[in-house]
Amino acid sequence: MSMNRRGVLAAGAAMTMGGLPAARAQGSQTIRIGVMNDMSGPYRDAAGPGSVALTQQAVQDFGSRGFAVEVLQADHQNKPDLGASIARQWFDQGVDVVADLPTSSVALAVNQIAREKNKVHLNSGAATSDLTGPQCSPNTVHWTYDTYMLAKSTGAAIVKSGGTSWFFITADYAFGHALERDTGNFVRAQGGSVVGGARYPFPATTDFSAFLLQAQASGAKVLGLASASTDTVNAIKGAREFGLQRRMKIAALLMGLPDVKSLGLESGQGLLLTEPFYWDLNDRTRALTQRVQAKNQNRPPAMEPAGCYGMVLHYLKAVADMGVAAAKASGAEAVARMKAMPTDDDAFGPGSIRADGRKIHPSYLFQVKTPAESRGPWDLYTLGATTAAEEAFRPLAEGGCPLVRS
Amino acid sequence: MADTTSITAAAIPDVAQEAGGVWGFSRAQLVGLGILLVFLVVAPFVLYPVFLMKLYCFALFACAFNLLIGYVGLLSFGHAAYFGMGGYLAGHAAKVWGLTPELSIIIGGVTAGLLGVLAGWIAIRRQGIYFAMITLALAQMVYFFCVQAPFTGGEDGIQAIPRGNLFGVIPLDRDLSMYWVVAAVFLAGFLLVHRIIHSPYGQVLKSIRENEPRATSLGYRTDDYKLLAFILSATLAGVAGATKSIVFGIATLTDVHWSMSGEVVLMTLVGGLGTIFGPVVGAAVIVTMQNYLAEMGAWVTVIQGVIFVACVLAFRRGLIGELAALLKVKL
Amino acid sequence: MDEIFGIPAPLLFGQLLLGLINGAFYAMLSLGLAVIFGLLNIVNMAHGAQFMMGAFAAWMLLAWGGIGYWWALLLAPIIVGITGVILEKLFISRLYKLDHLYGLLLTFGLALIIEGVFRNEFGSSGLPYRIPPELSGAWDLGFMFMPVYRGWVVVAALVLCITTWLLIEKTRLGAYLRAATENAALVQAFGVNVPRMVTLTYGAGVALAAVGGVLAAPIYSVNPQMGSNLIIVVFAVVVIGGMGSILGSILTGFALGIVEGLTKVFWPEASATVIFVIMAIVLLARPAGLFGRK
């Protein structure tokens, strides 16, 4: 019988002092998945409660296969030390999988611990391509997207349309650095140039005007926003206030459905962005959206929660295939089994996981609709180009992942 | 001044030094020390060792802070700078330079001490609330430095710091091995603070706290005494931060942020300013509360604020101070 | 006029404008702190939280009551000022006989409570507050693009600061206030209700912070941490200026904002620390601050 209990457990509360967690009494036939993300900060709308809802949907859709699944959740507040200490405690006390981790700095910290403790790190929300590059791990699957995918799709499309000189405004941590680096590489490879950049403190910046003035003074044709979520929305609004859009093209390198919604079509129309998932993509995505809408505050899923759905479902299939005891005993074995099996889910369709832990699926370039084109509150995108799964991500050999050479 | 009470005089019960003490400990303090020692030995077999290690790091941090507020009467609102900087340097030493954990911790402490020389030299020019505001501002400067300095890794922090081998021989990967090291560091720091307070130097500090002009008129160069206390306090705070980053394998901005400075004030206030066990108990209360109540998110901040207000309005002696007053002993 | 000293004009003037705006907030906040400190001898650590409350009050008035910016500019400070009066009556007034440090600790605790409550209720990512239509848009000055609202903030803050200064220096009420700062017992003996004056002064200082919050709402999105990040810089400003004079705190606030803005042009990496460095230098040279009385 499948159990779908939502235990609210942050920073290892409740089980802190008591040694063994109470839940362990339910027997070793329970798989525990801890969804850790930003429940209160700038990434709440992108991941947050949505990722928990979609994880639960995955458990429900997986059904009953002779073992129980428990979903826990915690807020890492975008702090690597907090995330690391929650993960350490979770793993020490019987949690098998940490999922989501939308903040790259936290993801990299937890990545180390999952490997050390031989547990599983399923990542949907983090962007840094280093997770399957220099810092790749046999215990990790990186599912939804990464900075390379974004750079290749959005970055290249903007260079092709004449945006040859770039100024970056970058979130000053692992994610921003990776996105700036990967986009810069594509810009230069296409014959463009990067004329400058400014890095803003994350997550404490709300007024971007000082950085926008630097961008304006640089004379670049494109303002590359290596930022995410609320930060990107604030930066775009600020750019309009200071009249940047008259001389510069704005490239929001990571932008998702909730961001477009909060920016509004009036300000956002015409922006180009890349996502591997959109609720209105095909019949299967629409069916999933239909199923989960009520749980998900009546919003269609964003790509990070959708990734949680796909990867948790696939993990559970692997567990069923190899047996619960074996899956609990070794995170690396469980991830190896996930890599050996082809994936298929309603959010991403058929796909596969590479040796470096990278999940492979197509990426889509969207254009934000004008208010006139939009036919519903969440009808926000027009599909542009599609990059095939094999082309969308960084080639296996170029990542520098030590797992690949062996 | 007649109409104001010094911040710690209110907290310290007026009890004459008892006879029959050992090494400057009163009898009641010896009992307390015994309980502490038993706890140190038994606890890791009952409670989650990582949690205990965190607790000891904060307890040592609070002891270091208490040295300044409890015995010199200086409220530093920027102690996170030394705690966090100690953590960063220890992390850097262990990870990049590949040093052993004990050397890394020493480097963390020394760096924090050097920072204390600089900050203390500037801050002791003013007293009271100005001292608090200046230390806060200087700590914020350190925070911004850490945000930008390349070696701290900015928002990412220094990750994957190895615990390494103690003296290059004893591996600390197992939590229990690490535990004994942390317990030893904590105990050594705790005893050192006690030793400082009961030295002739400590007596001069207390006289400065009670009446600085008088100490000056007796020929003491009070600024030198205060500066040395500041440096010692900063060094110990650095050792605490360094130990924490070795235990958790990560050093981040959280530990240099002003809210960490506020937390250590709270720990010491809750336990009892100017008592030797107060900071330890206060740290235990606050760290436990943060762990148990973490699921409540920002309510933890609210509860901390309420405790602050309650302590200031009604409970100025803190837990140990009240206990000491009740038992009419010195703790 | 495209470049000045090799610096593009839009960058130089733009950063100067941003510096002036930051300076305006420093001035308003340090002014409030100085007024409160003068009479109550308390460093109001909750000042940043009360600045934030001003912004949230404006947001709530709009979102829940449909009350726009201009009314919020009047109502929000009154509402926040009243909460300040309540806090003074309930808590702060109990501490006047104790070491001043207790006042600092108490208001720090209050700041934590206020911030925590708002973070629970509204999250930490910030809520948007639209620029009022009368002040939206921008003037194209040729050498730079000048958002109307930002210009308005500088003007409004200047007017507010000068008014407060005149009120304290030139009116009878201000005279009482200054007299009570020197010798409260004597003023009481002349029949002035000093405790009430103290309470109202705290309320007024807090209201001043709230006005700053309302002005800031459309620039920085409204979020629970907006005050705490600012207030520490303001402490440094106060230490530099010395708490001795009202005019001193205003001048220091604006001047340091401009210095910070210029640093952003010439050495962006140092802009976050420049004020603290200046504080250290001032302390070494003049421990009582630029305008302070020892």
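I count two residues as in contact if their C-beta atoms, placed from the backbone, lie within 7 Å. The model I am working from is predicted.

**Entry 1: chain C against chain A**

I looked up the contact between these two chains first. Chain C puts 21 residues into the contact, and chain A puts in 19 residues. I sorted the side of chain C that touches chain A by class and got 10 nonpolar, 9 polar and 2 charged residues.

**Entry 2: chain C against chain B**

I then turned to chain B. This contact takes 39 residues from chain B and 36 residues from chain C. Three helices of chain C each supply at least two residues of the side that touches chain B: H4 (100-122), H9 (226-241) and H11 (274-285). H4(C) has the largest share of that side, 16 residues. By class, I note 25 nonpolar, 5 polar and 6 charged residues on the side of chain C that touches chain B.

**Entry 3: a sheet in chain A**

Last, I traced an open sheet of 3 strands in chain A; the order is S12-S13-S14 and the pairing is antiparallel. Strand S12 (343-345) and strand S14 (359-360) of chain A are the edge strands, as each pairs on one side only.

Terms used. Residues numbered from 1 in each chain as written. Chains lettered and ligands numbered in written order. Predicted model: local features only at pLDDT ≥ 70, side-chain atom pairs only at ≥ 80, totals over all residues. Helix = DSSP H or I, 4+ residues; strand = E, 2+ residues; numbered from the N terminus. Nonpolar A, V, L, I, M, F, W, Y, C, P; charged D, E, K, R; others polar. Pairing = 2+ DSSP bridges.
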